[in-house]
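Keep the sequence and the 3D view open while you read.

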Amino acid sequence: MSLKMKKAIITGVTGQDGAYLAELLLEKGYEVYATYRRTSSVNFWRIEELGIENHPNLHLVEYDLTDQANSVRMVADIKPDEIYNLAAQSFVGVSFEQPLATAHITGLGCVHLLEAIRIVDPKIKFYQASTSEMFGLVQEIPQKESTPFYPRSPYGAAKLYAHWMVVNYRESYGMFASSGILFNHESPLRGKEFVTRKITDSVAKIKLGKLECLELGNMDAKRDWGYAKDYVEAMYLMLQAPKSDTFVVATNRTETVRDFVTMAFKAAGIELEFSGKAENEIAKDKANGKTVVRVNPKFYRPAEVDLLIGNPQKAKDELGWEAKCTLEELCAMMVKEDLRRNETDCSF
Ligand code: NDP
Ligand code: GDR
């Protein structure tokens, strides 16, 4: 007797989480329909790094989240059991320059899929990639599911709209729609515009003599950083739970950007000495006195989220989920991978 394979749609497979989630669902025996956007040169480097690009159960689907007709047709054609909506304009910095594009993709895009499910088959389970950026200005520490929201960027505001729409579709139409409020999660597959990967890539370049100095913005910001591969498991578990809900996914540890810089240089065998404050802060390589980190105010944001630290107790109690990888392990893994890539002149 052959069991029917579960079908899942993952939006945003060219991104960090989409690639890891595709890998996880393929391992679990799913038929995975993974979406990418039409661009002049589509880049599948992440699924290639994971070695799943030619997996027989991975189907790559061209899709744009901002197109309602495309959303309805895709859901009707595939008739999935589960949809994981990971696609977004996900870079906070850019959202200040492109607030409307961010609203369309990151906010309304989610509703295109919710409506598609409502039209095609309200029994399809839905996961929305919500974010700790919705907490924004600190209201409570650590942040949990009941903490009041106060977004501090067009990205945070767009995600909050999508988040509340998920709650409303759940309550209005009885749909199985869950929302994971995920805190920052990183990996060797992280985009280089995000601070951890920018740091580990630059550390590797400095170590190999390909770059003199890393320029950063606000080094006082504190983040609760976890490992993306751990976090996609939480997404999967949310859609296997007996009922849909909202869950915080975090490590419950927070560190400054400066701490991560120190950790990354240490992983490459370089000890730093910091001096100066705010815009004048620098860090020198203790061994040779060279300035290897400096602040450049162009990387400051119009509004900052100063402190994020999540309480993942509900995810632990109800989903049995816990972060496994420590920040030191994650940072060392990213530095090692960036050293390897830079040694071989690999472009990603
Ligand atoms: P990435 O930026 O790495 O990936 C985003 C994906 O969305 C890419 O595949 C991108 O495609 C796709 N995308 C962008 N616009 C559209 C569009 N109009 N139509 C279809 N696809 C589109 O993000 P992550 O993997 O890091 O994050 C996944 C999700 O989780 C995002 O929604 C993010 O906001 C959210 N999140 C992430 C956290 C993190 O720390 N990583 C924490 C909390 C939430 P392309 O490659 O073509 O640009
Ligand atoms: P974030 O991640 O905004 O938290 O959003 P990012 O890595 O961009 O910034 C983290 C913190 O570092 C500070 N910072 C810098 N950031 C960048 N990118 N570049 C710099 O040079 C730099 N210098 C200092 C930032 O000001 C910020 O305080 C990420 C994204 O993945 C979102 O999609 C997701 O929702 C949240 O995490 C949770």
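## A sheet and a helix

Four strands form an open sheet in the order E8-E15-E14-E13, with mixed pairing. Strands (E, at least two residues) and helices (H or I, at least four) are DSSP runs, numbered from the N terminus. Two strands pair if DSSP finds at least two bridges between them. Strands E8 and E13 are the edges, each pairing on one side only. Neighbouring strands are turned by 20° against each other on average, direction ignored.

The model is predicted: local features need pLDDT of at least 70, side-chain atom pairs count only at pLDDT 80 or more, and totals for chains, interfaces and linings use all residues. Residues are numbered from 1 along each chain as its sequence is written.

E13 and E14 pair in the antiparallel sense over four bridges. Glu273 stands opposite Lys284 in E14.

| E8 | 214-216 |
| E13 | 272-275 |
| E15 | 291-295 |

Now turn to helix H1, residues 16-27. Its 12 residues should span 16 Å at 1.5 Å a residue, and its end C-alpha atoms are 17 Å apart, which agrees. The expected span is 1.5 Å times one less than the number of residues.

Nine of the 12 residues of H1 are buried, so the helix is largely enclosed by the rest of the structure. Buried means that 20 or more other C-beta atoms, placed from the backbone, lie within 10 Å of the residue's own. Among the buried residues are Tyr20, Leu21 and Leu25. Just after H1, Gly29 takes a positive phi of about 90°.

Conventions. Chains are lettered from A and ligands numbered from 1 in the order in which they are written. Axes are lines fitted to C-alpha atoms, for helices over the stretch in contact, and angles run from 0 to 180 degrees between N-to-C directions. Two residues are in contact if their C-beta atoms, placed from the backbone, lie within 7 Å.
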